[in-house]
Amino acid sequence: MKLIRRISLFLVLSSVMLGIGGYTALRVEQFFYPNKYPKEEKENIIQPSSQDDVREPQVIETAVGEIPVVTADTKYLIEEIDLVTGTVNEKEETLPVKYIGLDRESLLAELDSYDKNPPLTELEQGFETIELTAFSKDRVVICKYYKTEEDGGYYLMVADHFIVVYREDKQTLYMNTDILLEDLSDTLQTEVMKGKYVETEEELYHFLESYSS
């Protein structure tokens with residue numbers, strides 16, 4: 001009988017020690033590896049008080065639009081307007097290579113440069129100004145304004161060491177040039193400094209073409 005009690009007591013103690021050991025090992029493992037056994041968290045669900053509070057989640061879409069640029073396939077249309085007669089001449093021209101790849105702002109900058117320094121051939125036709133009237137990747141429309149002036153003479157004068165052209169009244173600036181006064185002969189420099197009169201437009205452009213760089 002005593003033997004049976006001793007065996008039972010031994011088994012109980014063994015079971016207790018085994019349980020204590022296992023629990024201790026689990027606690028130690030949880031201490032050193034706290035994320036190995038994540039705790040389940042219950043989500044708090046708030047029930048709407050009425051049907052008016054039931055709203056579908058809003059989806060905000062961000063539209064990312066491509067900035068249009070001029071391509072080799074873009075149509076290049078020119079509108080020439082005569083400010084005197086009011087006539088309009090529309091035509092399609094070959095797109096200048098330097099415009100390819102430009103967006104609207106860049107093209108406006110190019111046209112502004114053109115407006116300030118137009119070619120002599122444009123000035124001969126009475127060029128006044130230029131503007132962009134339509135822009136897309138498919139079509140670009142440029143409007144050029146011309147004004148035919150009455151025949152009259154011109155004066156070659158000097159401003160900041162460069163030759164400038166005034167109309168016959170010596171008050172209306174006709175055009176700026178990139179011709180330096182010092183590039184002219186001494187005799188011609190003296191004439192220009194006093195105001196050299198040029199009778200015709202043909203004579204004027206002949207002079208400009210002769211001294212332009």
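The legends below describe close-up views of a predicted model.

**View 1. The antiparallel sheet formed by β5, β6, β7 and β8 is open, with its strands in the order β7-β6-β5-β8.** Strands β7 (173-180) and β8 (196-198) stand at the edges of this sheet, and because each of them has a single partner strand, one side of each is left without a neighbour in the sheet. On average, and with direction ignored, neighbouring strands of the sheet are turned by 30° against each other. On β5, the antiparallel pairing with β8 comprises 3 bridges, and within this pairing Y154 stands opposite V198 of β8.

**View 2. Strands β5 and β6 form a hairpin with 2 residues between the strands.** The two strands, β5 covering residues 154-159 and β6 covering residues 162-167, run antiparallel and are joined by 6 bridges. Among the bridged pairs, Y154 has R167 as its partner in β6, while A159 is partnered by F162 of β6. In this hairpin D160 adopts a positive phi near 55°.

**View 3. Helix α5 (residues 201-211) lies across β5, β6, β7 and β8.** The helix runs at about 25° to β7. Its buried residues are L204, Y205, F207 and L208, and since they fall within an arc of 155° when seen down the axis of α5, they line one face of the helix. The face of α5 turned away from this buried side carries the exposed residues E202, H206 and E209. The cover over the buried residues of α5 includes α3 (120-124) and α4, together with the strands β5, β6, β7 and β8.

**View 4. The largest nonpolar core of the model contains 17 residues.** Within this core, the residues that touch the most other members are L156, V165, Y174, L184, L204 and L208. Two or more residues come from each of the elements β5, β6, β7, α4 (186-194) and α5, and of these α5 gives the most, with 4 residues. In soluble globular proteins, nonpolar side chains tend to be buried together. Apart from this core, a second, separate core of 16 residues includes L107, L111, F135 and I142.

**View 5. A mixed open sheet is formed by 4 strands in the order β2-β1-β4-β3.** Its edges are held by β2 (88-93) and β3 (127-135), and because each has a single partner strand, one side of each is left without a neighbour in the sheet. From one strand to the next, the twist averages 20°. Strand β1 (residues 75-82) pairs with strand β4 (residues 139-146) in the parallel sense over 8 bridges, and along this pairing K75 stands opposite R139 of β4. Helix α2 (residues 104-116) lies across β3 and β4, and its course makes an angle of about 170° with β3.

Definitions and conventions. Residues are numbered from 1 along each chain as its sequence is written. This is a predicted model: local features need pLDDT of at least 70, side-chain atom pairs count only at pLDDT 80 or more; totals for chains, interfaces and linings use all residues. Side-chain values use heavy atoms; hydrogens and water are left out. Two strands pair if DSSP finds at least two bridges between them. Axes are lines fitted to C-alpha atoms, for helices over the stretch in contact, and angles run from 0 to 180 degrees between N-to-C directions. Contact means heavy atoms within 4.5 Å. A nonpolar core is a set of buried Ala, Val, Leu, Ile, Met, Phe, Trp, Tyr and Cys residues joined through side-chain atoms within 4.5 Å. Buried means under 20% relative accessible area, exposed over 50%, partly exposed in between (1.4 Å probe, protein chains only). The arc is that of the directions from the helix axis to the C-beta atoms.
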